[in-house]
Structure formats: structure tokens, C-alpha cells
Amino acid sequence: MFPTLERYIDREYTRQGMTIKIPKSVKKEIGKKARNIFMFTNKGVKATFTNLPEFIKDIENELETKIER
């Protein structure tokens with residue numbers, strides 16, 4: 001799990017020319033794990049290698065700048 005902005009996504013992931021789709025059950029599991037990571041982070045537990053709160057703040061600032069334009 002790594003939060004990002006759309007501009008960092010280069011293209012869809014494909015294999016042999018076919019777009020790879022993520023099953024709904026996997027999306028649900030990833031969402032649950034991501035919420036747990038954010039819960040721990042909000043409690044002050046360092047649950048990722050990156051400084052997640054700072055990274056999220058940077059993303060929010062970039063999005064605000066984009067909206068203001």
C-alpha cells in the first residue's frame with residue numbers, strides 16, 4: 001500500500017497486452033489493511049517505512065494547489 005497521485009501512474013498494468021484487473025475480494029482486503037495502517041499511524045505507531053503523515057500532507061497540499069488553479 002502506497003498512497004499516490006494519478007500523475008505518478010504511467011499506464012495500466014498489462015500482461016501479454018491484456019489489462020490486469022484486481023478482483024473485488026482483493027480490493028476489499030487491501031482496503032481493510034490500508035485502514036488498519038492509517039489507524040495505527042493516527043495512534044502514533046510507525047507502521048510503514050516512510051513517514052506516512054508527512055507524505056499524506058504533501059499529497060493533500062499538492063491536491064489543494066491543483067484545485068486552486
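Colleague: How many helices and strands does the protein have?

Modeller: In this predicted model, the protein has two helices and two strands, and if you read along the sequence they follow the pattern β-β-α-α.

Colleague: What is the average pLDDT of the protein?

Modeller: The average pLDDT is 84, and 94% of the residues score at least 70.

Colleague: Which element has the lowest mean pLDDT, and which the highest?

Modeller: Among the elements of the protein, the lowest mean belongs to helix H2, residues 52–68, with 82, while the highest belongs to E2, with 92.

Colleague: Changing topic, what is the radius of gyration of the protein?

Modeller: The protein has a radius of gyration of 15 Å, whereas a compact globule of 69 residues would have one near 11 Å. Along its principal axes, the C-alpha trace spans about 40 × 35 × 20 Å.

Colleague: And how much of the protein counts as buried?

Modeller: Of the 69 residues, 10% count as buried. The accessible surface comes to about 6800 Å², and carbon and sulfur atoms account for 55% of that surface.

Colleague: Which residues make a nonpolar patch on that surface?

Modeller: The patch is made by Ile22, Val26 and Ile30, and its area is about 230 Å². Ile22 sits in the loop between strand E2, residues 18–19, and helix H1, residues 24–42.

Colleague: Let's look at helix H1, then: how far does H1 reach from its first C-alpha to its last?

Modeller: H1 has 19 residues and reaches 27 Å between those two atoms, which is close to the 27 Å expected at 1.5 Å a residue. Just after H1 comes Gly44, which takes a positive phi of about 95°.

Colleague: How many salt bridges does a search of the whole structure find?

Modeller: The search finds one salt bridge, and its partners are Lys33 and Glu29, whose closest N and O atoms are 3.1 Å apart.

Colleague: Where do Lys33 and Glu29 lie?

Modeller: Both Lys33 and Glu29 lie in helix H1, four residues apart, and that spacing is about one turn of the helix. An α-helix has 3.6 residues a turn, so residues three or four places apart point the same way.

Colleague: And is Glu29 buried or partly exposed?

Modeller: Glu29 is partly exposed, with a relative accessible area of 43%.

How values were computed
Residues are numbered from 1 along each chain as its sequence is written. This is a predicted model: local features need pLDDT of at least 70, side-chain atom pairs count only at pLDDT 80 or more; totals for chains, interfaces and linings use all residues. Side-chain values use heavy atoms; hydrogens and water are left out. Patches are made of residues with over 30% relative accessible area and no salt bridge: like charges are joined within 9 Å, nonpolar side chains (Val, Leu, Ile, Met, Phe, Trp, Tyr) within 5 Å. Accessible areas come from the Shrake-Rupley method with a 1.4 Å probe; for residues, only the protein chains shown count as cover. A salt bridge is a side-chain nitrogen of Lys or Arg within 4 Å of a carboxyl oxygen of Asp or Glu. pLDDT is the predictor's confidence in each residue, from 0 to 100. The radius of gyration is taken over C-alpha atoms; the globule rule is 2.2 Å times the number of residues to the power 0.38. Buried means under 20% relative accessible area, exposed over 50%, partly exposed in between (1.4 Å probe, protein chains only). The expected span of a helix is 1.5 Å times one less than its number of residues.
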